[in-house]
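Colleague: Before we discuss the terms used for this model, could you show me the sequence and the structure?

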Amino acid sequence: MTEPMRHVDIETMPREKLEALQSERLKWQVKRMYENVECFRNRMDEAGLSPKDIHGVEDLHKLPFSYKSDLRDYYPYGLFAVPLTDINRIHASSGTTGKRIVVGYTKKDLDNWADCLVRMLKAIGIDKSDVIHIAYGYGLFTGGLGVHCGAEKLGATVIPISTGNTSLQIQTLVDLKATVLCCTPSYALYLGEEIERQGLKDQICLKMGIFGAEPWTEEMRKQIEAKLGIKAYDIYGLSEIMGPGVGCECEAQAGMHVWEDHFIPEIIDPETCEVLPKGSVGELVFTTITKEGFPLIRYRTRDICQLNYEKCECGRTHVRMRKPQGRYDDMIIIRGVNVFPSQVEEVLLKVSEGNITPNYQIVVGRENNIDTLEVNVEMSEELFADDVKSIERIERTITENLRSMLGIGAKVNLVNPKSITRSEGKAVRVIDNRHLV
Amino acid sequence: MIIKQLSVFVENKKGRLLSIVEILAENDIDISSLSIADTADFGVLRLIVDKPNEAKAALKEAGIVVKITDVVAVVMEDAPGGVAAALRVVYDNDIDVEYMYAAIGKTTGKALMVLRPSDLEKAEEVLTKAGFGAVNPGDIYRI
C-alpha cells in the first residue's frame, strides 16, 4: 500500500500553479540576495540587472550563474544571506574535487530539508514502523545528518551508525533488524558481498535501501537488489544546494523527483551556457528559491543530466531528473579524447553479463609525452577459469570493447578481488599520474 | 581416476605466489603437485593438495579467486616411453589435452601425471581401460 503523500497539494500541483509559486519565490529570493549577498549583487550589477527585472521563472535565464569556485572565493561565510546569529547549523563538503566549502542553514532551512526527505521516504513506502540504518557519514558531511533528520521527522526508528567498521555494520543489521539501509551504492554492494560471504543473508530484514552520494548505474542497482534482496532507490543531493534529497526516486523508480517548490532545475549547454530545450542532455543547474541561510542562483553542478517534465505514474507533477551520467569534472582527457568513468563501467558490465561486481580503476599516466590508459579490473570467481585461454579471451573482450566505446586503446589488468581501494565513502575510480598543471 | 585440482588466479605482482602457498601452509595443507601457467599479465596456479575443499575455503577467505577443477590422474611406468604410451591412448581416442603436468606419487616404480582433457569422462574411461588409471587416492593426495 502506498503511503499518503507528505504534501499532496504541493506534490501533485499542476505545472501552471507550480510555476506561479516558483515565480513568487524566485522574486523574493532575488530581492533579498541582492540586498544581502555581495557577490550576487556585483554580478547583477555587472549584467545590468536589478531585482525589478525579474518578473518570474520566465526571466530565470537572465540571471547570472554561480559556481563552485564562488564557495571557495567567499569562504567561509561570504555567500550567506543571513547573519550568523540566524544560522542554525553548518555543514562542509569534503571536497572530492578541491578545497573545502562551507554551507549554513537557518532553522527554517533545516525544517524544509527534513520535509523534502520525509516526502521521499513516504514516496518509497517508508513509514514510522521502519527501522532505518544510516551508514552515510555523519559530521560535517551532509549525508548522515540530512537523511537522519528526515527519518526522525517521519517518526521512523533511526540507527545513526555512520560509516566504517563493516563487521559492526553487519552485526547491527542482524541484531537490530533494520528494514531500510542508507549508504553509498558501492558500500551497499560491498556489504552485500560480505553478508553473502558470511552466509547471513537470511538473517537480514532489509526491505529497501536509499543509495546516493556517488554515481552508480542501473546494473549496479540490479546487483544490489539481488545481493541484498531489497529494492534500491536512488537519491541525489549536493551540499551547495541542500544535501541529500534534492532529487529522489518514488516507487516508480523512473527518475528522481526534484521538489520544485524549493529548487528550480535547468539544463544548459556547458559551453554556450544557453538553456537547452526540455528533454536535452546537458549540465544541471539549480536555483534555490526557499533557502534562507545559503541560497544560490543558477548554481552550476557540473553534473551531466536530463530532465523529464511528464507527470509521473505516482501522481507527482514535480520534474524528474535522470541519474547523472557523469560529471564534467570527472571527464578525463586522454590523447585528446574525452573519457568518462561511466563508459568504462558500461563496458565491464556488458562483458561480465551482470555477473561480476563492477569494481575497476582507471589509471592514467604519461610515457614519452603520450598518455597511457590502464584499466584495472578485479577478477572474480565467475570470470575465472582454470585455463589461460578463457581468461585471455575475457581480457581481450574487455580491451576490444573499451577501444570501440572510447575510441582509444587501453591496457587491461586483471587484479585480485577487493584489491582496488574501496573507500567506505566514495570509490576511487580514477588515478591520474600525469600531474599536469 | 578423476581427482580434484585447485586452480588459483595469480595476479602479476611481486609476492603473490608466496602469499598463496603461505596461506596453505598456515592451514596445514600439503601440496603434492603444482604447475603454473603464466602469461605476461597473470598466471593460473594449479595444485593437487591433500584437502582441496579446506584449501579452497582458506584461499577464498583471503580474497583469492580459486576454483576446484576435475582432472584425470594418470599412472604410468617410470621408464622411457611412459608418457608417450599414455598420450597415445588419449590421442587415439580423439581427446584434446588442455594442459598436463607431472605429479609426485607414492607408488614405487610408477610415474604420475595430471591431465586436463577436453572430455573428462571419456579420457578417464579409455585410460583406465588401457591400464593407466586405477590409482589409490591416497597415493595422489598423500593423505
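Modeller: Strand S7 and strand S8 (residues 243–249) of chain A pair in the antiparallel sense over 4 bridges. This is a predicted model, in which local features need pLDDT of at least 70 and side-chain atom pairs count only at pLDDT 80 or more, while totals for chains, interfaces and linings use all residues. Residues are numbered from 1 along each chain as its sequence is written, with chains lettered from A and ligands numbered from 1 in the order in which they are written.

Colleague: What makes S7(A) and S8(A) a pair?

Modeller: Two strands pair if DSSP finds at least two bridges between them, and S7(A) and S8(A) have 4 bridges.

Colleague: Which strand runs parallel to S7(A)?

Modeller: Strand S6 (residues 208–211) of chain A does, joined to S7(A) by 4 bridges, and A:Met208 has A:Lys231 in S7(A) as its bridge partner.

Colleague: Why is S7(A) called mostly covered?

Modeller: A residue is buried if 20 or more other C-beta atoms, placed from the backbone, lie within 10 Å of its own, and 7 of the 8 residues of S7(A) (residues 231–238) are buried.

Colleague: How do you know how helix H7 (residues 166–176) and helix H8 (residues 185–197) of chain A are oriented?

Modeller: Their axes, which are lines fitted to C-alpha atoms over the stretch in contact, come within 11 Å and cross at roughly 70°. Angles of 65 to 115 degrees count as roughly perpendicular, and therefore H7(A) is roughly perpendicular to H8(A).

Methods: Axes fitted to C-alpha atoms, helices over the stretch in contact; angles between N-to-C directions. Helix = DSSP H or I, 4+ residues; strand = E, 2+ residues; numbered from the N terminus. Parallel < 35°, antiparallel > 145°, perpendicular 65-115°, else oblique. Buried ≥ 20, exposed ≤ 12 C-beta atoms within 10 Å, placed from the backbone.
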